[in-house]
Amino acid sequence: MSNRSNAFAGLALIAMIAPTLAACSASSGDDSRPGTVTPAASAGGADGWDGNIAIGVGNRKGVDLVTLPTPDQVDVQCHGEGDNLTIDVTAPNGWHATLTHASQTITVENETLDYPAHDFAESQRAIDAVNNVSRKSELPIGVTWDQPAFGDVEIQVDDVTPPHWMVNSPYEDFDMYMHISCSAK
């Protein structure tokens, strides 16, 4: 009997302590903070996204095409700092993107449109071609980190979608144009 009583007392103690430990570990390990989003310095002038935040596929605006959200419609969560910074972006119409500091690759998915996660990056050939002509923007195309301030990222990406993404447009490129700022903690 005493073993059973001790077992019940031990379970009761664990039941009382577990929520406290969970709360402590969640608060100490959660380094997430909101970031801000604004239009990119240049936003795909040929596609007409200039002056807008843009994310999506195709060459026109639509629920299953390119979303042009306002800053308050985009949720940006910054995790970590410096070289350990990662950014999660959630935009209307099911768009979700993840960026990792110093990487030219953006991982994008859209569960609403049944687009599984795929890595996108501006091709070096496109970057070189654009850099050989005059541009309005002082920031190059692709993903530019820590400009104009540490923790900022300029995203100007136009890349071909994978064949398993069934895009509702003859123009099947993925576009993402925005500037994100993750202020230091």
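Two strands are said to pair if DSSP finds at least two bridges between them. Strands (E, at least two residues) and helices (H or I, at least four) are DSSP runs, numbered from the N terminus. The model shown is predicted, so local features need pLDDT of at least 70 and side-chain atom pairs count only at pLDDT 80 or more, while totals for chains, interfaces and linings use all residues. Residues are numbered from 1 along each chain as its sequence is written, and side-chain values use heavy atoms, with hydrogens and water left out.

**Figure 1. Confidence along the chain.** The predictor's confidence in each residue is given as pLDDT, on a scale from 0 to 100. Over the chain the mean pLDDT is 81, and 75% of the residues reach 70 or more. Residues 6–28 have pLDDT under 50, and in the model this stretch has zero contacts beyond four places in sequence. A contact here means heavy atoms within 4.5 Å.

**Figure 2. An open sheet of six strands.** The strands follow the order β1-β5-β6-β7-β8-β9, and their pairing is antiparallel. At the edges are β1 (33–34) and β9 (115–120), each of which pairs on one side only. Strands of a sheet pair through backbone hydrogen bonds, either parallel or antiparallel. Five bridges join β5 (residues 75–79) to β6 (residues 86–91) in the antiparallel sense, with V76 opposite V89 in β6.

**Figure 3. The hairpin of β6 and β7.** The two strands run antiparallel and are joined by six bridges. I87 stands opposite L99 in β7. Three residues lie between the strands, and N93 in the turn has a positive phi of about 65°.

Figure 4. Buried means under 20% relative accessible area, exposed means over 50%, and partly exposed is in between (1.4 Å probe, protein chains only).

**Figure 5. Strand β8 and its two partners, β7 and β9.** With β7, the pairing is antiparallel over five bridges, and A97 stands opposite V108 in β8. The hairpin of β7 and β8 has five residues between the strands, where A102 takes a positive phi near 75°. Strand β8 (residues 106–110) also pairs with β9, again in the antiparallel sense, over four bridges. In that pairing T107 stands opposite D119 in β9. The hairpin of β8 and β9 has four residues between the strands, and D114 takes a positive phi near 60°.

**Figure 6. The largest nonpolar core.** A nonpolar core is a set of buried Ala, Val, Leu, Ile, Met, Phe, Trp, Tyr and Cys residues joined through side-chain atoms within 4.5 Å. The largest one has 30 residues, and I87 and I180 have the most contacts inside it. Strand β12 (residues 173–181) gives the most to this core, with four residues. Leaving aside neighbours within four places in sequence, I180 is in contact with T36, V37, V76, I87, V89, G151, D152, V153 and I155. Another core, of five residues, lies apart from it; among its members are A40, W49, A54 and Y177.

**Figure 7. Aromatic rings around W165.** Rings of Phe, Tyr and Trp (its six-membered ring) pair if their centres lie within 6.5 Å; planes under 30 degrees apart count as stacked, over 60 as edge-to-face and the rest as tilted. By this rule there are six aromatic pairs. The rings of Y115 and W165 are stacked, because their centres are 4.2 Å apart and their planes are at 10°. This pair links distant parts of the chain, with Y115 in strand β9 and W165 in the loop between β11 and β12, 50 residues apart. Y115 is buried at a relative accessible area of 4%, and W165 is buried at 2%. The rings of F120 and W165 have centres 5.3 Å apart and planes at 65°, so this pair is edge-to-face. F120 lies in strand β9 and W165 in the loop between β11 and β12, so the pair ties together parts 45 residues apart in sequence. Ring pairs link W95, Y115, F120, W165 and F174 into a cluster.

**Figure 8. The surroundings of D159.** D159 is found in strand β11 (residues 152–160). Its side chain reaches the backbone nitrogen of A121 at 3.1 Å. Not counting residues up to four places away in sequence, D159 touches F120, A121, D173 and F174.

Definitions and conventions. Polar contact = N/O pair within 3.5 Å; in protein donor to acceptor, adjacent residues only side chain to side chain.
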